[in-house]
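Please read the following with the sequence and the model side by side. The text goes from one element to the next.

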Amino acid sequence: MLIFVCSPLRGERPYTTAKYNRNLQKAADYSAAVVREGHIPITPHLYFSHFIDDHKPQEREKGLEMSRELLRICDQVWVFSENGISDGMKGEINFAGQLGKTVLYK
């Protein structure tokens with residue numbers, strides 16, 4: 001199965017580079033957990049962060065738009081968050097619901 005990994009990137013406020021980098025590492029860890037369970041992770045913010053500047057509103061919106069397109073092809077959405085649900089995550093979860101996708105909280 002293709003699993004959309006929903007986890008924070010900027011996360012909770014205030015935004016700091018340290019939190020951003022920590023959240024990227026956690027996204028990689030969550031992706032590895034999906035692989036260990038025998039599935040294929042789709043973790044857009046993990047790779048989009050290499051060429052999209054999430055702090056620029058137009059680029060952030062483009063990243064969210066591309067993420068929604070990838071979410072469409074996924075079988076399920078797995079939500080990972082130790083510190084609550086970010087605004088970006090809320091949007092992904094709501095979109096998954098509109099598409100009738102199974103959303104699991106891990």
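The paragraphs below start with a pair of strands and move on to the helices and the cores.

This is a predicted model, in which local features need pLDDT of at least 70 and side-chain atom pairs count only at pLDDT 80 or more, while totals for chains, interfaces and linings use all residues. Residues are numbered from 1 along each chain as its sequence is written, and side-chain values use heavy atoms, with hydrogens and water left out.

Begin with strands β3 (residues 76–79) and β4 (residues 102–105), which run parallel and are joined by four bridges. Helices (H or I, at least four residues) and strands (E, at least two) are DSSP runs, numbered from the N terminus, and two strands pair if DSSP finds at least two bridges between them. Val77 stands opposite Val103 in β4. Between β3 and β4 the chain passes through helix α4 (residues 87–99), and this β-α-β crossover is right-handed. That term applies if, with the strands pointing away from the viewer, the path from the first strand over the helix to the second runs clockwise.

Helix α4 has 13 residues and reaches 19 Å from its first C-alpha to its last, close to the 18 Å expected. The expected span is 1.5 Å times one less than the number of residues. Which residues of α4 are buried? They are Gly88, Met89, Glu92, Ile93, Phe95 and Ala96. Buried means under 20% relative accessible area, exposed over 50%, and partly exposed in between (1.4 Å probe, protein chains only). Seen down the axis of α4, its buried residues fall within an arc of 160°, so they line one face of the helix; the arc is that of the directions from the helix axis to the C-beta atoms. An α-helix has 3.6 residues a turn, so residues three or four places apart point the same way. The face of α4 turned away from the buried side carries the exposed residues Asp87, Asn94 and Gln98. The buried residues of α4 pack against β1 (2–6), α3 (57–73), β3 and β4, where contact means heavy atoms within 4.5 Å. After α4 comes Gly100, with a positive phi near 75°.

Next come the cores. A nonpolar core is a set of buried Ala, Val, Leu, Ile, Met, Phe, Trp, Tyr and Cys residues joined through side-chain atoms within 4.5 Å. The largest one has 11 residues, among them Phe4, Ile42, Val77 and Met89. Elements β1, β3 and α4 each give two or more residues to this core, and the largest share, four residues, comes from α4. Leaving aside neighbours within four places in sequence, Val77 is in contact with residues including Phe4, Leu71 and Ala96. A second, separate core of six residues includes Ile3, Val5, Tyr30 and Val34.

Tyr30 lies in helix α1 (residues 17–36) and counts as buried at 11% relative accessibility. Beyond four places in sequence, Tyr30 is in contact with Val5, Ser7, Phe80 and Glu82. The C-alpha atoms of Tyr30 and Pro41 are separated by 8.6 Å, with the two residues 11 apart along the chain. The 20 residues of α1 should span 28 Å, and its end C-alpha atoms are 29 Å apart, which agrees. What covers the buried residues of α1 includes β1, β2 (40–42), α2 (44–48) and β3. Gly38 follows α1 and has a positive phi near 90°.

Finally, Ser67 is in helix α3 and is buried, with a relative accessible area of 6%.
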